[in-house]
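Please look over the model shown here with the points of this note beside you. They are written for someone who is new to reading structures.

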Amino acid sequence: MPDRDERKKISGRPDGRVSEELDILILKTASRLFGEQGYAATSVEQIAAVAQVGKQTIYRRHPSKESLFKTVISELGKSFLVAATPSDTMVSSDPLLTLRKTMRMLLDLVLSPETLSLSRTFIAEGWRFPDLVNHAGAHIFDPLEELTCRLMTAVSDVGLLKESCDLKETSRLFSGLCLEHPHQQMLFGRDVLMTAKERDDFLENAWTAFMTGILRAPTSRPATVKEV
């Protein structure tokens with residue numbers, strides 16, 4: 001019986017479209033199985049069976065299971081940036097508001113079921129596969145901190161931050177408070193920030209607490225003295 005790859009070729013669809021659809025199917029299937037079963041317990045054979053494609057169809061695209069897993073992680077990181085990176089026009093128009101909106105969007109992304117399930121895989125098996133954990137850091141967490149730093153720099157460039165702020169360290173701490181802390185809480189199994197309102201309230205409190213320490217105090221015009 002022909003696999004999905006062969007069946008689609010027989011149907012007469014353009015090869016480019018078939019290849020793209022297969023790429024997406026394989027990555028989605030691999031992401032789900034890695035998240036549900038862990039890295040060690042998931043085989044290329046299982047992924048091929050669930051996706052209904054030939055094993056060689058996967059190996060033509062990914063030479064090993066490790067390569068496939070790394071691609072899953074890289075694509076997850078890219079999807080975060082594609083979804084959350086604001087346009088230059090938004091940043092230049094109101095960098096502070098853009099930073100806030102971006103952090104709210106990223107909060108939803110890091111708390112998504114797919115992200116949480118793959119993160120549990122890193123934690124459970126990181127001691128056996130440290131290279132995979134390092135890959136996740138380089139392709140998911142580091143880019144998020146870099147995006148935060150870029151937006152924080154834009155806020156600084158318009159004179160809204162205190163001069164004493166170290167932009168890189170400030171961005172890292174801010175990202176940790178708004179994204180990493182709630183992510184860790186949900187990894188520990190706590191039912192927190194389950195609704196949009198809870199996430200809105202959390203970000204409001206985190207934003208107020210953090211920005212109070214780094215934003216310049218608004219300048220006020222001196223009162224005019226009336227001549228007697």
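The numbered points below go through some helices, a few single residues and the loops beside them.

1. This is a predicted model, in which local features need pLDDT of at least 70 and side-chain atom pairs count only at pLDDT 80 or more, while totals for chains, interfaces and linings use all residues. Residues are numbered from 1 along each chain as its sequence is written, and side-chain values use heavy atoms, with hydrogens and water left out.

2. Helices here are DSSP runs (H or I, at least four residues) numbered from the N terminus. Helix H2, residues 15–37, has 23 residues and reaches 32 Å from its first C-alpha to its last, close to the expected 33 Å, where the expected span is 1.5 Å times one less than the number of residues. Among its buried residues are Val18, Leu22, Ile26 and Phe34, buried meaning under 20% relative accessible area, exposed over 50% and partly exposed in between, with a 1.4 Å probe and protein chains only. Just after H2, glycine 38 takes a positive phi of about 95 degrees.

3. The axes of helix H8 (residues 113–125) and helix H10 (residues 167–187) come within 10 Å and cross at roughly 75 degrees; axes are lines fitted to C-alpha atoms, for helices over the stretch in contact, and angles run from 0 to 180 degrees between N-to-C directions. That makes H8 roughly perpendicular to H10, a term for angles of 65 to 115 degrees. The contact (heavy atoms within 4.5 Å) is made by Thr115, Leu116, Ser119, Arg120 and Ile123 of H8 and His183, Met186 and Leu187 of H10.

4. Threonine 170 is found in helix H10 and is buried, with a relative accessible area of 9%. Its side chain reaches the backbone oxygen of aspartate 166 at 2.7 Å, and, leaving aside neighbours within four places in sequence, threonine 170 is in contact with Met152, Cys165, Phe210 and Ile214.

5. Arginine 199 has its place in helix H11, residues 196–214, and counts as buried at 12% relative accessibility. A polar contact of 2.8 Å joins the side chains of arginine 199 and aspartate 108; such a contact is a pair of N or O atoms within 3.5 Å, and within protein one must be able to donate a hydrogen and the other to accept it, while residues adjacent in sequence count only if both atoms are side-chain atoms.

6. Leucine 193, in the loop between H10 and H11, has a positive phi of about 50 degrees although it is not a glycine, and leucine 193 is buried at 12% relative accessibility.

Definitions and conventions: Helices (H or I, at least four residues) and strands (E, at least two) are DSSP runs, numbered from the N terminus. Angles under 35 degrees count as roughly parallel, over 145 as roughly antiparallel, 65 to 115 as roughly perpendicular and the rest as oblique.
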